[in-house]
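Subject: Handing over a structure

Hi,

Here is the structure I promised to pass on to you. Have a look at it first, and then read on for what turned up.

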Amino acid sequence: MSEPLGLDRLRRFVNELTALLERQLEESVILDNGLVLLQQLVEHDDWLPAQFAEPHPEHYLQYLLHADSLQRFSVVSFVWGPGQRTPVHDHRVWGMIGMLRGAELGQRFERQPDGALLPLGEPLRLERGEVECVSPTIGDIHQVSNAFEDRVSISIHVYGGNIGTVKRAVYQADGSEKLFISGYSNTSPPNIWI
Ligand code: FE
């Protein structure tokens, strides 16, 4: 097969992930196979349109690249300005993260019997081309930051739902949660079909 160019890469990913989800597999199988597809997508940093790679000076951005028409999944470019970080948060659906440009640091958290949230292990550094995943069954609470203080990093996130509409939570240090709906930073995604 010829090497895909530009948004062909994203089209191919969307097609293959859709075919995978059509098979109605268990989450672990979806993630195992989906991570291989995502790894192929982020292997080349030559396809993300510049308007979905643009950082904001004060906070990170989440540009919707594609939403499945049945809302089984969504694909987002997560753009970190220098030194930017998320609050501690969860997703409530499965999520896959593929590093397209730069690097990020992810710290996982675990709920204690007394309700507090404590860091689980050391922060994991995700390098360009690497992938990881989260979900309510394998660990869903984390805090992520740009690994760089002086440049933009970008990861491609894929979620098992229309993530911009999912009611989920950010967490305080005492473990208390505050519900939020992230929305998306862009009002119109790219048309990947033309
Ligand atoms: Fe997250």
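A term to begin with: a polar contact is a pair of N or O atoms within 3.5 Å, where within protein one must be able to donate a hydrogen and the other to accept it, and residues adjacent in sequence count only if both atoms are side-chain atoms. This is a predicted model, in which local features need pLDDT of at least 70 and side-chain atom pairs count only at pLDDT 80 or more, while totals for chains, interfaces and linings use all residues. Residues are numbered from 1 along each chain as its sequence is written, and side-chain values use heavy atoms, with hydrogens and water left out.

Let's start with Ser 135. It sits in the loop between strand E6 (131–134) and E7; helices (H or I, at least four residues) and strands (E, at least two) are DSSP runs, numbered from the N terminus. Is Ser 135 buried or exposed? With a relative accessibility of 0%, Ser 135 counts as buried (under 20% relative accessible area; exposed is over 50%, partly exposed in between, with a 1.4 Å probe and protein chains only). Its side chain makes polar contacts with the side chains of Glu 27, at 2.7 Å, and Thr 137, at 2.8 Å. Leaving out residues up to four places away in sequence, Ser 135 touches Glu 27, Val 93, Trp 94 and Asp 140 (contact means heavy atoms within 4.5 Å).

Next, the metal site. Which residues coordinate the iron ion? They are His 89, His 91 and His 142, each through NE2, at 2.1 Å. Donors here are N, O and S atoms within 2.8 Å of the metal (3.2 Å for Na, K and Ca), and water is not among the atoms, so sites may look incomplete. Distant parts of the chain are linked here: His 89 lies in the loop between E2 and E3, and His 142 in strand E7 (residues 142–146), 53 residues apart. Both His 89 and His 142 are buried.

Now for helix H1, which covers residues 8–22. Its buried residues include Phe 13, Val 14 and Leu 17. Seen down the axis, the buried residues of H1 fall within an arc of 160°, so they line one face of the helix (the arc is that of the directions from the helix axis to the C-beta atoms). They pack against helix H2 (27–42) and strands E1, E2, E3 and E8. Gln 24, which follows H1, has a positive phi near 50°.

Enjoy exploring!

Note on methods
Expected span 1.5 Å × (residues − 1).
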